[in-house]
Structure formats: C-alpha cells, structure tokens
Amino acid sequence: MDPLLRKVLLITGALGQLGQAATKMFLEKGAVVVANDIGDVDQSREMKLLLQEYGENRLIFVRSDVTREADSALLAKEIESKFGRLDGYFHNVCTAIHKPVLEQTLAEWELVITGTLTSAFIVCKSMLPLLIRSGGGSIVNTSSIISQIPAAYNAAYGAAKAGVNQFTKIVAHDYATSKIRANAILPGIFFAQNKISELSNDTLQLIHDNSLLERCGTAEEIAEMAAFLLSDAASYITGALIPVDGGYHMKN
Ligand SMILES: NC(=O)c1ccc[n+]([C@@H]2O[C@H](COP(=O)([O-])OP(=O)(O)OC[C@H]3O[C@@H](n4cnc5c(N)ncnc54)[C@H](O)[C@@H]3O)[C@@H](O)[C@H]2O)c1
C-alpha cells in the first residue's frame, strides 16, 4: 500500500534540491502535496511537469516567504480551504552564509537565523492549529549534521540548525498530547542526482573523506527518511534527531 496515501502534506523550500525530490517522492507514495517556495515556479521545469502530471487535486504550488508570519498564516488558510486538513509538513527552508565570525556582519547573522531557525518557528506556529484540528500529524524539520559537528565557517548556520534541533524536540514535548509528532533529519552532504556528475574532483574527494560510505548522499535518500517520518509507520517516533549522513558523524 502507498505509505502516504491521501495524506495532505506541506513541503517548504519545494523548488530546492531536497524539496523537489520530496515533492516527487511523496506524490509517488500517494500524498496530496502543497509545495511552497519563495522562488518562481516558472523557473522549475521539474515542478511544472509534476503540476501537469498530477493536477490540482494532488499538487498545488504556493509561492510565499515563510519567514513572514502573515504569508505563512495565509498559506495555512489556503491549505485548509483547498484540502480541509493537513497531516504533516516537511520544512526545508534555510539561509546559509558561510564566513568566519570576525568577517560576518550582524545583518548576515540575522539573515541566517531568520531563514533557518525563525522560519521553523513561523511555519510551526502557522500550521500547528490546522494539524491539531486535523486530529494530529507529523512535523519533520530538516536540520544538518553541522548542528552537532562543527565545520569551518558555519557559526551562524550551525547555531541556527542546533536551534532547529532543540525547537523540534520541545514541540514534540509540548504537543504530544495533541497527537503531534516532531522529528528532525540531520543530513550530511547531499546533492540532487543530476548535480552529482557536475561536482569537481576536489569536492568529491572532500565528501569521500567525510563519509563512512565514501560517497555523496542524494536528495532522494534524505527524502526517504522524511517520507517515513510522515507516514504512520513512524507512529512511535517523536523528538528524534536522525542523522542521514552516510556516517559523517562517525568520521568527524
Ligand atoms: N545540501 C546539503 O548538502 C545539505 C546538508 C545538510 C542540510 N541541508 C539542509 O537541507 C535543506 C534543503 O537543502 P537544499 O540543498 O535542498 O537547499 P536548496 O537551497 O536547494 O533549497 C532551499 C529552497 O528554499 C527556498 N527558500 C529559501 N528561503 C525561503 C523562504 N523564506 N520561504 C520559502 N522558500 C524559501 C529556496 O528558494 C530554495 O528553493 C536545508 O534546510 C539545508 O539546510 C542541506
């Protein structure tokens, strides 16, 4: 049976590498998908093909900025008016500016914290009432293995992702009695399948050296974990921080 059959799921950052892979995969697993991104859908051939293939009863695209509370509240309204419910969401949006602390401006720091951590709060705050009205649901936040293992020039991003981890656990704690599960995925380095062949030898070597499995992850391998956490098969999993990193955390 399709593990996500008839589940109404929101994916934020749906035009990104992981968001696109998840959109396609969740549809194939039976879900109704609301794909959100700040970007223009006309610039994504893949998303336009999916919209044509599945039609508006299975997939809609909503362009909005989830760092804005009013936009995110409108997104929740649109989901409720179109589908009447929400069973879970997969939050992928991030902002990354990689610099040593002494070179990072406060404005850059705030951009990273807003895009990466505050967005997780805003999406949660907007969607929770609808998830609760729908009888409960599953929240999956995309964190990063960098939230636990330091990497050069990642102070703002690493701190924001560490915040995402703790935020996720506290949501799991506070809303368990409302039948809400919340978990975070901690990816290592991954790319969309079609981007891997374009990587330089230096990048491939770096990835190889940082992975027990000696290779780069794919967006599909991360999306598989999200699909599992959003399905009823994960009904006893909440408050978990799950590395999907080819063993990066064992090598660093
Ligand atoms: N790629 C990796 O190696 C890697 C490793 C660890 C963690 N991650 C995490 O995985 C997630 C997805 O990564 P990716 O590589 O697919 O990223 P990506 O940059 O390809 O996609 C992110 C998407 O989010 C959208 N977005 C940005 N700000 C937004 C906003 N305010 N509102 C709505 N949409 C917005 C962008 O337009 C983009 O389409 C991120 O949270 C990232 O931190 C990635």
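Asn-183 is located in strand 6, where strands are DSSP runs of E with at least two residues and helices are runs of H or I with at least four, both numbered from the N terminus. Asn-183 is buried because its relative accessible area is 0%, buried meaning under 20%, exposed over 50% and partly exposed in between, with a 1.4 Å probe and protein chains only. The side chain of Asn-183 reaches the backbone nitrogen of Gly-239 at 3.2 Å.

## Basis of the model

The model is predicted: local features need pLDDT of at least 70, side-chain atom pairs count only at pLDDT 80 or more, and totals for chains, interfaces and linings use all residues. Residues are numbered from 1 along each chain as its sequence is written, and side-chain values use heavy atoms, with hydrogens and water left out.

## The ligand and its shell

There are 24 residues around the ligand, of which Leu-18, Asp-37, Asp-65, Asn-92 and Tyr-157 come nearest; a residue is near a molecule if one of its heavy atoms lies within 4 Å of it. Helix 1 (17-28), strand 2 (32-37) and helix 5 (155-175) each contribute at least two residues to this shell. By class, the shell has 10 nonpolar, 11 polar and three charged residues. In this scheme Ala, Val, Leu, Ile, Met, Phe, Trp, Tyr, Cys and Pro count as nonpolar, Asp, Glu, Lys and Arg as charged, and the others, Gly among them, as polar.

A polar backbone atom of Gly-16 is 3.1 Å from an oxygen atom of the ligand, and a backbone N or O atom of Phe-190 lies 3.0 Å from an oxygen atom of the ligand. For Val-66, a backbone N or O atom lies 3.1 Å from a nitrogen atom of the ligand. The protein covers 80% of the 830 Å² of accessible area that the ligand has on its own, as computed by the Shrake-Rupley method with a 1.4 Å probe. The ligand takes up the space of the largest pocket.

## A polar contact of Asn-154

Asn-154 lies in the loop between strand 5 (137-142) and helix 5. Asn-154 counts as buried because its relative accessibility is 12%. Its side chain makes a polar contact with the side chain of His-98 at 2.9 Å; such a contact is a pair of N or O atoms within 3.5 Å, and within protein one must be able to donate a hydrogen and the other to accept it, while residues adjacent in sequence count only if both atoms are side-chain atoms.

## Residues with positive phi

Most residues other than glycine have a negative phi. Arg-6 has a positive phi of about 65 degrees although it is not a glycine. Arg-6 is placed in the segment before strand 1 (8-12) and is exposed, with a relative accessible area of 66%.

Lys-179, which is not a glycine, has a positive phi of about 65 degrees. Lys-179 is found in the loop between helix 5 and strand 6 (180-187) and counts as exposed at 62% relative accessibility.

## Pairs separated in sequence

Thr-95, in the loop between strand 4 (88-91) and helix 4 (106-133), is partly exposed at 25% relative accessibility. Thr-95 and Ala-156 are 61 residues apart in sequence and 9.6 Å apart in space, C-alpha to C-alpha.

Phe-83 belongs to helix 3 (residues 69-83) and counts as buried at 18% relative accessibility. Between Phe-83 and Val-34 the C-alpha to C-alpha distance is 9.5 Å, and the two are 49 residues apart in sequence.

Note on methods. 1 Å grid on protein atoms, 1.4 Å probe; cavity = no way out; pocket = protein on both sides within 12 Å on 5 of 7 lines; lining within 4 Å. Sits in = over half its atoms within 2 Å of the grid points.
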